[in-house]
Amino acid sequence: MGRALAQLDGVILGKSTQVRLAMACVLARGHLLIEDQPGVGKTTLAQALARTLGLGFRRVQFTSDLLPADLLGVSIWDAASGSFRFQPGPVFSQVLLADEINRATPRTQSALLEAMEERQVSEGGVSRTLPDPFFVIATQNPGAFVGTSPLPEAQLDRFLLTVTLGYPDVQAERALLETGGRSQSVRELPAVLDPATLLAAQAEVDRVYAAGPLLDYLQLLARATREHPALGAGLSPRALLALLAVTRAWAYLEGRDAALPEDVQAVFPSLAGHRLPLRGAPGTGGIGAIVAGLLRDTPLP
């Protein structure tokens, strides 16, 4: 994993934490939502991740006229055989980039729900299994942008982590200027891993040890979200299982075979931020300040 992370760091300059969160998301068998304004490297991260992992990659530009069949596929009448033949859509890939997902209508957005949760697509009364591994990376423009439809809570919950890239730091931006952004073409990136190696790594992540006190800490954090006066709802049991999975993945990337509270704290903001609805108008710092306060005020068992 070290070589894969090093290659990604060479492409996504100055964003080491976001790169590791994306890799942890893959290792935990989750899906990733990248929210930011255009031009900060969201699509580049998705493409670089797929090529580094040696996975098949498809990109779909979500627009207001995109239909579910454009994404999932459609059955076409084959006159020669006298039967319908299924034409798979781009979702039948190992890595699907749903670019600007919140520009599509809610109907098309929800078409991804079964694929993300069940790893299958149902069409014409037939369920078709998606490739393994299967990983969705969705990019999202800020909600204030014209022509966007907010993702429903049920679909947001299917994304394991949300990351924000933000502007590069001064050194990274200078490197981009000096190379014209062409220091290493994403299309020329070699595959560091392959699907079999990735599946083996995911199995190793499942074996990362989580002690009883660590599980107590996860439950305390979940209870704190459910009792916070500024939050309309707390973390669900499914979200808590997701937190455990990505905590194990982060510990694995750190080279340890047991998860620690520091691993929980590293991934908690990216896991909880999009799952915790505010009860009223956002206060100073918004949901980020609330999540930081939860980590600060929840004692270690």
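Q: What stands opposite valine 95 in β8?
A: In this predicted model, valine 95 stands opposite phenylalanine 135 of β8.

Q: How do you know that strand β5 and strand β8 pair, and in which sense?
A: Two strands are said to pair if at least two bridges are found between them. Strand β5 (residues 95-99) and strand β8 (residues 135-140) share 4 bridges, in the parallel sense.

Q: What is the order of the strands in the open sheet?
A: The sheet has 5 strands, arranged as β2-β5-β8-β1-β9 with parallel pairing. Averaged over the sheet and with direction ignored, neighbouring strands are turned by 20 degrees against each other.

Q: What makes β2 and β9 edge strands?
A: Strands β2 (57-61) and β9 (161-163) each pair on one side only.

Q: How do you know that strand β6 and β7 pair, and in which sense?
A: The requirement is again at least two bridges. Strand β6 (residues 120-123) and β7 have 4 bridges and run in the antiparallel sense, so they count as paired. Within this pairing, glutamate 123 has valine 126 of β7 as its bridge partner. The hairpin of β6 and β7 has 2 residues between the strands, and glycine 124 takes a positive phi near 65 degrees there.

Q: Why is aspartate 263 called buried?
A: The term applies under 20% relative accessible area. Aspartate 263 has a relative accessibility of 1%, so it counts as buried. This residue belongs to helix α12 (residues 261-272). Leaving aside residues up to four places away in sequence, aspartate 263 touches Thr247, Trp250, Ala251, Glu254, Arg256 and Ala258.

Q: What lies 2.7 Å from a polar atom of the side chain of aspartate 263?
A: The backbone nitrogen of leucine 260 lies at that distance.

Q: Is the peptide bond from aspartate 132 to proline 133 cis or trans?
A: This bond is cis, with omega near 5 degrees. Most peptide bonds are trans. Proline 133 lies in the loop between β7 (126-129) and β8.

Q: What makes a set of residues a nonpolar core, and which residues have the most contacts inside the largest one?
A: The set must consist of buried nonpolar-core residue types joined through side-chain atoms within 4.5 Å. The largest such core has 68 residues, and those with the most contacts inside it are Met23, Leu32, Leu49, Ile137 and Phe268. Helix α11 (residues 237-253) supplies the largest share of this core, 10 residues. A second, separate core has 23 residues, including Leu72, Val91, Leu156 and Phe159.

Q: Which residues does leucine 49 touch?
A: With residues up to four places away in sequence left out, leucine 49 touches Leu8, Ala22, Met23, Val26, Phe135 and Ile137.

Q: How many helices and strands does the protein have, and why is it called as compact as a globular protein of its length?
A: The protein has 13 helices and 9 strands. Of the 301 residues, 45% count as buried.

Conventions:
Residues numbered from 1 in each chain as written. Predicted model: local features only at pLDDT ≥ 70, side-chain atom pairs only at ≥ 80, totals over all residues. Heavy atoms only, no water. Buried < 20%, exposed > 50% of the residue type's maximum accessible area, 1.4 Å probe, protein only. Contact = heavy atoms within 4.5 Å. Axes fitted to C-alpha atoms, helices over the stretch in contact; angles between N-to-C directions. Polar contact = N/O pair within 3.5 Å; in protein donor to acceptor, adjacent residues only side chain to side chain.
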